[in-house]
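Dear colleague,

I am passing on the structure we spoke about, and I would be glad if you could look through it with the notes below beside you.

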Amino acid sequence: MPRRALAAAAVAVVLPLSACGSGDDSSGSTDASGKIEGNITFQTWNLRANFKSYFEGVIADFEKKYPDTKVKWVDQPAEGYADKISADAAGGTLPDVVNVSPDLVAPLAKAGLALDLDKSAAKYKKEYLDGAWASHRIPGMTGTYAFPWYLNTGPLFYNKSLFKDAGLDPEKPPTTYDELFADALELAKKSDGKVATLANVPTVEDFGRYGVQLMNKEGTAFAFNDAKGIELLTKYKELYDAKALDSQALTATPESAGKKFLTGAVAMNPGSALDLGNFKKQAPNLYKNIGITDQITSTGKVNMYVMGVMVNSRTKHTPAAAAFAHYVTDAQNQMSFAKKVAIFPSTANSLDDPYFTKEDGTDETRVRIAAAKSLKNAVNYTPVLFSEQMKTALRNEVAKALQGKESPKAALDKAVEACNTLLKQQG
């Protein structure tokens, strides 16, 4: 399963103006309490290739439980998924039940196309982790606009042999930002700049983990250009100058950063339990020297990625669509899915299952247990309203700061200004 889909990679969707509105011309009903019947369409995001039999089983079980329903399953590729949703929303062809990430929900909810579950399906709320249910709320709007589905988070992996070569204790990885920056500078110095510690520039979630206030309390403007934000970017500039941040970090993708880690050019990289199998196959030498440590945060809360299942507010079969969205994301089906791939259920109490709590001596289980424990109070640091264009604006300004073309303060001031302009356009 591609990392992009697993990590619930945030992809922004910009709805054409024709799709905007209050949803008053809806042909559907927001009442989900009626008879569960009718033909509905369920759309997933790049899942058919690896999980065809799983989803066909879930659909067959649902249709058996509700014999007056028929579910048609469509799966869309990862590339261009946001554009496909945008086109469907504008053309009135959005499926009844849609696999989304929180940032994909925001424009659909604003256009009146996402069913408010707090009004229509509030009885299910208690079944989910509080943080997961809250992840599909939109600043400036009341309501929750998708069922939380699977979650992901992961540890930091590090290469013990590279730490040892630099004279650092391979059994004592950094646990704070100060330690991380100090170790990174030492690794670069001892290797004459040949070994970087990090392969990626800071993203909005990194600012969140560092304790930066990303938006104002009203959720109407970005605020990551505060003193703490400037401090983080200044530290990264120091790493970049010392070659402790990889020279290609300005254009890195999660995939390219992962390859650098595999080949020993980078000493640390974030990941998930899924990566351990890849290390074992593709880089057995790295696997023998793999260190596993917790995500570094200043807040005590790790970052989590969230996937959701949204109900189209204009479906002609609201009871069936809401029932199916709930069915896909209920505790039993999420647990079953989590045992097929390294993801985590968003349902309350599922993370207390022995599968997520009982050690068996393997690294894979160790990573799974640590991640499950951290998810209980994890936060999705990426603001729901932070679009793909905003990510690009931030990345461009971060690059200028690292290259010395602008001061960290000037770069973040410009990034915040650009993101706030884009935010106004969204409204």
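This is a predicted model: local features need pLDDT of at least 70, side-chain atom pairs count only at pLDDT 80 or more; totals for chains, interfaces and linings use all residues.

I will begin with the helix pairs. Two packed helices are described by the angle between their axes and the distance between the axes. For helix α2 (residues 48-65) and helix α15 (residues 331-338), the axes come within 11 Å and cross at roughly 170°. Because angles over 145 degrees count as roughly antiparallel, α2 and α15 are described as roughly antiparallel to each other, and their crossing is right-handed. On the α2 side the contact is made by Phe 51, Tyr 54, Phe 55 and Val 58, which meet Asn 333, Gln 334, Ser 336 and Phe 337 of α15. Sorted by type, the residues of this contact between α2 and α15 comprise 5 nonpolar and 3 polar, with no charged residue.

The other pair is formed by helix α10 (residues 227-241) and helix α19 (residues 408-426), which pack at an angle of about 125° with their axes 9 Å apart. That angle makes α10 oblique to α19, and the crossing of α10 and α19 is right-handed. Here Gly 229, Ile 230, Leu 233 and Thr 234 of α10 meet Pro 408, Lys 409, Ala 411 and Leu 412 of α19, and the residues of the contact divide into 5 nonpolar, 2 polar and 1 charged.

Next comes helix α4 (residues 102-110), which is mostly covered, with 8 of its 9 residues buried. The buried residues of α4 are Pro 102, Asp 103, Leu 104, Val 105, Ala 106, Pro 107, Leu 108 and Ala 109, and they pack against the strands β1 (38-45), β3 (97-100) and β8 (305-311) as well as against helix α3 (81-91). After α4 comes Gly 112, whose phi is positive, near 75°. The backbone oxygen of Gly 112 is also reached, at 2.6 Å, by the side chain of Ser 313. Ser 313 itself lies in the loop between β8 and α14 (318-328), and with a relative accessible area of 7% Ser 313 is buried.

The side chains of Glu 205 and Tyr 305 are joined by a polar contact of 2.8 Å. If neighbours within four places in sequence are left aside, Glu 205 is in contact with Asn 303, Tyr 305, Tyr 381 and Thr 382.

Finally, there is Gly 193, which lies in the loop between α8 (177-190) and α9. With a relative accessibility of 23%, Gly 193 counts as partly exposed. Not counting residues up to four places away in sequence, Gly 193 touches Ala 188 and Lys 243. The C-alpha atoms of Gly 193 and Thr 142 are separated by 51 Å, and these two residues are 51 residues apart along the chain.

With best wishes

How values were computed: Residues are numbered from 1 along each chain as its sequence is written. Side-chain values use heavy atoms; hydrogens and water are left out. Axes are lines fitted to C-alpha atoms, for helices over the stretch in contact, and angles run from 0 to 180 degrees between N-to-C directions. Helices (H or I, at least four residues) and strands (E, at least two) are DSSP runs, numbered from the N terminus. Angles under 35 degrees count as roughly parallel, over 145 as roughly antiparallel, 65 to 115 as roughly perpendicular and the rest as oblique. A crossing is left-handed if the near helix is turned anticlockwise from the far one by less than a right angle, and right-handed if clockwise. Contact means heavy atoms within 4.5 Å. Ala, Val, Leu, Ile, Met, Phe, Trp, Tyr, Cys and Pro count as nonpolar, Asp, Glu, Lys and Arg as charged, and the others, Gly among them, as polar. A polar contact is a pair of N or O atoms within 3.5 Å; within protein, one must be able to donate a hydrogen and the other to accept it, and residues adjacent in sequence count only if both atoms are side-chain atoms. Buried means under 20% relative accessible area, exposed over 50%, partly exposed in between (1.4 Å probe, protein chains only).
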